[in-house]
Amino acid sequence: MRILGIETSCDETSAAVYDTGAGSGRPAGRGTLLSNLVASQVDLHAEFGGVVPELSARAHVERLPAIVKESLEAAGCGFGEIDAIAVTSRPGLLSALLCGVSYAKGLAVGIRRPLYAVDHVKAHVAAAFLNTPAGAGAPLLSEEDLPALALVASGGHTLLLKMSTPVTFELLGCTRDDAVGEAFDKVGQLLDLPFPGGPHVEKAAAEGDPSAFRFPIGTIRGHPLDFSFSGLKTAVLYTMTKMSPKERIARKADLAASFQSAAIRALVDRSIAAARQTGIRSLILCGGVAANRTLRQTLSAALASEGVRFFVPPTVFCGDTAAQVALFGACLAGWGVPPVSDDLDAVTTSELFDPGGR
Ligand code: KG4
Ligand code: ZN
C-alpha cells in the first residue's frame, strides 16, 4: 500500500510517499519511505519573529501542488500508484491546515482514493517508527516496544502520552500555558537571537554555564505530570531587566544555558515520574525540541538509570514533515480506522484534548 502524506499545519509545506510493503496490514516501522519533501517558510516569517497565519496559508497554496508533484516523482510513481492519501487535519493554524485539507479532499475525490485524517501530535510520535531518510534498515521503534510513553515537545505542544498501539493514545500530562518550544522561541527573542529561537538558544547555551542562574521549574499542584513554562520565561525576562545592556550581551550564553537547563529539568523530571507511575519501560521523545542534543543526552542518561528504553526519531523527523503523516496514515489504515468522508474539516486542537479522544 502506498500512501501520499500531506502536511501544512504551520510553516512547513511537505509531501511524502510511504510504502507499507507487500501484504503488511500493520505497517509500523516495516515499510519504506520513498520520498519526503519539505518547503520551509522560516525565511518568510523571520522578520516578524513568529509565524504569520495569512502569509503561511498563501505560501502553502502556492507551493503544495509542486511539492506533491516532486514528491511523487522522487518516489518514482504517479497518482495512479497511490492507494490512499493522509493529511494533517488538526491541530495547527486554521488557515494553514485548510490548505492541506482542501487540497487532499479534492485529490481524494479526483483520483478516487480513501482519505485519512491525521492528528499532527500523534504523527510526531509515529515518527519514531521511521529510521533513516530513506526508510531502510531496522526501525528505531517496533510494535514489540509498546506500550510506550511519548514526550511530545514542540513549538505548539508539550504532552506526555501513553501509546498502547500505533493508533491508540492516552493523555497523561500537558502544559498549562506555553509549550516548551514556544518558551525556547520567546527566550531566543529576549536574547536577540534569530527566529525560531530553539536551535539558536541551544547553540548559545553550549558556550554558557547552566548553573549561572537558578531559574524555577513550574509545577501544577495535584497534577505531577503537567508542565508550566510561562514562569520560567518570565524569570528570564525579570533577570534581564535588572541587567545593563552590556551585561545582557556578556551573559547571553549563561542566560541561554541556565534557561535550557531548567526547561530540560522540567521535561526529564516529568518523564521519570510518568515511567515510575505507569511502570512503562519505553519512552519516545519527539517534536521539534527533540532535536536538542542536551535534552536527548540528559533524558537518555536519566531513563537508562531507571531501566527505561529511550527512542527518538532522527533529527530530520523531529520537525514537521509529511513522512510521519504518511506513516501514521498507513497505521490508521492498517489498524482498521475508517477513512474520512468528504466533509472533513480542519480543527485547531488535537484529538487528545477531546472528551473521549484522550
Ligand atoms: O514540531 P515543530 O517543528 O513544530 C510544531 O509542531 O510546533 O517544533 C518547532 C519548535 C520550535 O519552537 C523550535 O524553536 C523548536 O521546535 N526547536 C528547538 C530546537 N530545534 C527546534 N528547541 C530547542 N532546541 C533545538 N535544537
Ligand atoms: Zn509539529
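In this predicted model, strand β2, which spans residues 12-19, is largely enclosed by the rest of the structure, because eight of its eight residues are buried.

With β1 (residues 2-7), it runs antiparallel and is joined by six bridges, and a hairpin of four residues connects β1 to β2. Within that pairing, Ile 3 stands opposite Tyr 18 of β2. With β3 (residues 32-40), strand β2 is again antiparallel, here through eight bridges, and Ala 16 has Asn 36 of β3 as its bridge partner.

What makes β6 largely enclosed by the rest of the structure? Six of the six residues of β6 are buried, so the strand is largely enclosed. From β6, Ala 148, Ala 150 and Val 152 point one way, whereas Leu 149, Leu 151 and Ala 153 point the other way, and all of these are buried. Strands β6 and β7 form a hairpin with four residues between them, and Val 152 has Leu 159 in β7 as its bridge partner. Strand β6 also pairs with β9 (residues 282-286), where the bridge partner of Leu 151 is Leu 285.

The strand pairings described here can be set side by side.

| Strand pair | Sense | Bridges |
|---|---|---|
| β1 and β2 | antiparallel | six bridges |
| β2 and β3 | antiparallel | eight bridges |
| β6 and β7 | antiparallel | six bridges |
| β6 and β9 | parallel | four bridges |

His 157 lies in the loop between β6 (148-153) and β7 (158-165). Is His 157 buried or exposed? With a relative accessible area of 16%, His 157 falls below the 20% cut-off and is therefore buried. Leaving aside residues up to four places away in sequence, His 157 touches Pro 91, Val 121, Val 152, Ala 179 and Phe 353, and Val 152 is one of the buried residues of β6.

The largest pocket has a volume of about 1,300 Å³. Its lining is made up of 48 residues, and those that lie nearest the centre of the pocket are Asp 11, Ser 154, Gly 155, Gly 156 and Asp 185. The elements that give two or more residues to this lining are β3, α1 (42-46), α4 (120-126), α5 (180-190) and α6 (197-205). Helix α5 gives the most, with six residues. By residue class, the lining of the largest pocket divides into 18 nonpolar, 23 polar and seven charged residues.

Helix α6, one of the elements that contribute to the lining of the largest pocket, has a buried set consisting of Gly 197, Gly 198, Val 201, Glu 202, Ala 204 and Ala 205.

Technical notes. Residues are numbered from 1 along each chain as its sequence is written. Chains are lettered from A and ligands numbered from 1 in the order in which they are written. This is a predicted model: local features need pLDDT of at least 70, side-chain atom pairs count only at pLDDT 80 or more; totals for chains, interfaces and linings use all residues. Side-chain values use heavy atoms; hydrogens and water are left out. Buried means under 20% relative accessible area, exposed over 50%, partly exposed in between (1.4 Å probe, protein chains only). Contact means heavy atoms within 4.5 Å. Two strands pair if DSSP finds at least two bridges between them. On a 1 Å grid over the protein atoms alone, a cavity is a set of points where a 1.4 Å probe fits but cannot get out, and a pocket is an open set with protein on both sides within 12 Å along at least five of seven lines; lining residues have an atom within 4 Å of a point. Grid points are joined across faces, edges and corners, and a volume is the space filled by probe spheres set on the points. Ala, Val, Leu, Ile, Met, Phe, Trp, Tyr, Cys and Pro count as nonpolar, Asp, Glu, Lys and Arg as charged, and the others, Gly among them, as polar.
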